[in-house]
Amino acid sequence: MKRFIGFVKKEFLHIFRDFRTLIILFGIPTAQILIFGFVVSTEITDVDIAFLDLSKDEVTQNLTDKFCSSGFFRGVDNLHSYNDIDDILKSGRAKAVVIFSENFGRDLMSQGKASISIIADGSEPNTATFITNYASAIISDFNKDFIKDGSESRLLVQSEVSMFYNPELKGHFMFVPGVIAYILILICALMTSITITREKEFGTMEVLLVSPLKPIQIIIGKVVPYFILSFINVILILSLSWLVFGLPVKGSMLLLLAESMLYILMSLSLGIFISTVSKNMQQAIFISLVGLLLPTILLSGFIFPIENMPKVYDIVSSVLPPRYFITIVKSIMIKGTGFLYIWKETLILILMTIVFIGLSVKKFKIRLE
Amino acid sequence: MTNGKVITVKNLVKKFEHFVANDNLNFDVYQGEIFGFLGANGAGKTTAIRILSGLLQPTSGEVIVAGFDAKKYPEKIKKNIGYMSQKFSLYQDLTVNENIMLYGGIYGIRKKVIKERTNELLKSLQFEEYGKRLISSLPLGLKQKLAFSVAILHEPKIVFLDEPTGGVDPMARRQFWELIYEAASRGITVFVTTHYMDEAEYCDRVSIMNDGKIVALDTPTELKRQYNASSIEEVFVKIARPNRS
């Protein structure tokens, strides 16, 4: 045990002595939170939309006003026929068209349902998603008012659940879980794979293997400091988003921290696995950055919604651990749900951890042979 | 330890799938001996060293190092040997003292003892003032000497040196060999591989490997007499490339 502690101490020395490592460890998370919070805004305001009102009654007028006064949309035109839709979208004067079917108001009153169509410009898929999400939120809001009058409406079903939990539609809420997910996987997987391959490259790994330290002690000793520092990072990110953006954790803090530990563990085992398959540091960095960082940012639902992806990307994304962690963090932080709602994602992360550790042990043995 | 033998190797075979890296090796190494282990790249030296140091399991044969069977007790062997590799084996971003403390700790030496030995060691190498310097700031020759001293800090029975003097100038190499002699005189067995044939002349006995087999093993003087050569280098060339010489 004493041998082990000395070894862990040495790993801390490596980290604190290298300025670049420290920047990656603590500078990047801080910068990411601030940049995403202040600069990159995923909110939309004043998106140009057009209306095609085939009913022209009191209800449709009400809804139109609601759209235009929301601050998210600006009505630019009233169309007269379906033929105009193509023109206005093609010219780019509007990003979406809201269509009220004929007899909208009357159907709603008599049958309790009426249909509204939203056609968005799909050439900008991201904006289109936001538009449809925001529009559904507005409609659902309208429904709530309507229900108070004692009627029922099918339209209620259309509203997006996520909007319900983020009624102010604040962009900050969207990125904090994503930033935690990708910062942790960056630090854990990248840094552990680098630190282990560095020992290999400098020939110190051989000396360690010949020493009385057991291989498992070497690996754990190298990983423990990163576990501790990553955990500090989670706390740093959470406090920053709370202090700077006023974002509280709605659900159980304990659960959130426990899930973070699991995710850190998973990322560390992934890092160990990367180090066993890469020959040198360059390769480890390449695999971590190209194989992990980019897919995490692009495919895990951090920036681009998974619902909006083609099926192929959806499948690719389902093997990415951050996807599940983002879901977990969103559930706990924003919706305030408990463990019962996220046990599936938790189980997937546990399974992934076991798989990566298993593969690493196997690879490690083969390499020694 | 039997009759002062610290390494006994009998009929050692190591196979990787269909490739035979060590083909029926037989040799003994005695306490306090400087045993040279020569061979071209790929001759099977590294594999043999790895088996002797408990990193690899032999396919068949008997290997006893420091009194322990390499098949059954590789962990016990590890406690009784030192190792220094061809690639540099100290941590560049740690200071001299920190490196010594780390390796001392790994081998379970008590802190007080490590400090005493550190002082002795730095004094004998005449670089007391370097204790707080980072390894990366030291010249290569010094680093190599230090790495050797750290490898024998825990007073092992045997120290394995895998091409310890690669890339070092002749002067530093001579000084390095003085350290080796000094360790051997204290009873530490030195098992060394090298590319430099002049270094082979410094060894008590030399073995030469070729294609996984030991093809010659004797004192340098005897080898030169047998092969009618003026230097070990000539012996080596005659053995490794019999058709060309």
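How many bridges join strand 3 (residues 96-100) of chain A to strand 4 of chain A, and in which sense do the two strands run? They are joined by 5 bridges, and the two strands run antiparallel. Chain A comes to 15 helices and 4 strands, and of its 369 residues, 37% are buried.

**Confidence in chain A**

- The mean pLDDT of chain A is 80, and 88% of the residues of this chain reach 70 or more.
- Within chain A, the confidence is highest in helix 11 (residues 253-277), with a mean of 92, and lowest in helix 7 (residues 161-165), where the mean is 34.
- Over residues 152-169 of chain A the pLDDT is below 50, although this stretch still has 34 contacts in the model beyond near neighbours in sequence.
- Where pLDDT is low, the predicted coordinates should not be read in detail.

**The sheet of chain A**

- The strands of chain A form an open sheet of 4 strands in the order 2-1-3-4, and the pairing in this sheet is mixed.
- Strand 2 and strand 4 (116-120) of chain A stand at the edges, and because each has a single partner strand, one side of each is left without a neighbour in the sheet.
- From one strand to the next, the twist averages 25°.
- Helix 4 (residues 83-91) of chain A packs on this sheet, where it touches strand 1, strand 2, strand 3 and strand 4 of chain A, and its direction makes about 135° with that of strand 2 of chain A.
- Strands of a sheet pair through backbone hydrogen bonds, either parallel or antiparallel.
- The parallel sense is found between strand 1 (residues 47-53) and strand 2 (residues 73-79) of chain A, which pair over 6 bridges, and here Ala50(A) has Asp77(A) in strand 2 of chain A as its bridge partner.
- To get from strand 1 to strand 2 of chain A, the chain passes through helix 3 (residues 58-69) of chain A, and this β-α-β crossover is right-handed.
- In the antiparallel pair of strand 3 and strand 4 of chain A, the bridge partner of Ala96(A) is Ala120(A), which belongs to strand 4 of chain A.

- Although Ile139(A) and Lys66(A) are 73 residues apart along the chain, their C-alpha atoms are separated by 8.8 Å.
- Of the contacts in chain A between residues at least 6 apart in sequence, 74% join residues at least 24 apart.

**Where chain A touches chain B**

- In the contact between the two chains, 20 residues of chain A meet 20 residues of chain B.
- On the side of chain A that touches chain B, the elements that give two or more residues are helix 1 (2-17) and helix 9 (204-210) of chain A, and the largest share, 8 residues, comes from helix 1 of chain A.
- The residues on this side of chain A divide into 9 nonpolar, 5 polar and 6 charged.

**An enclosed helix in chain B**

- Helix 1 (residues 45-52) of chain B is largely enclosed by the rest of the structure, because 8 of its 8 residues are buried.
- Among the buried residues of this helix are Lys45(B) and Arg50(B), as well as Ile49(B) and Leu52(B).
- Helix 1 of chain B is followed by Gly54(B), which has a positive phi near 85°.

**Loops and a hairpin in chain B**

- Most residues other than glycine have a negative phi, and most peptide bonds are trans.
- Ala66(B), which is not a glycine, has a positive phi near 55°; this residue lies in the loop between strand 4 (60-65) and strand 5 (68-69) of chain B, and Ala66(B) counts as buried because 22 C-beta neighbours lie inside 10 Å.
- Glu155(B) also has a positive phi, near 50°, and its place is in the loop between helix 5 (140-151) and strand 7 (158-162) of chain B; with 15 C-beta neighbours inside 10 Å, Glu155(B) counts as partly exposed.
- Strand 9 (residues 205-210) and strand 10 (residues 213-218) of chain B pair in the antiparallel sense over 5 bridges, with Val206(B) standing opposite Asp218(B) in strand 10 of chain B.
- These two strands of chain B form a hairpin with 2 residues between them, and Asp211(B) in the turn has a positive phi of about 50°.

How values were computed
Residues numbered from 1 in each chain as written. Chains lettered and ligands numbered in written order. Predicted model: local features only at pLDDT ≥ 70, side-chain atom pairs only at ≥ 80, totals over all residues. pLDDT = per-residue confidence, 0-100. Contact = placed C-beta atoms within 7 Å. Nonpolar A, V, L, I, M, F, W, Y, C, P; charged D, E, K, R; others polar. Pairing = 2+ DSSP bridges. Right-handed = clockwise from strand over helix to strand, strands pointing away. Buried ≥ 20, exposed ≤ 12 C-beta atoms within 10 Å, placed from the backbone. Axes fitted to C-alpha atoms, helices over the stretch in contact; angles between N-to-C directions.
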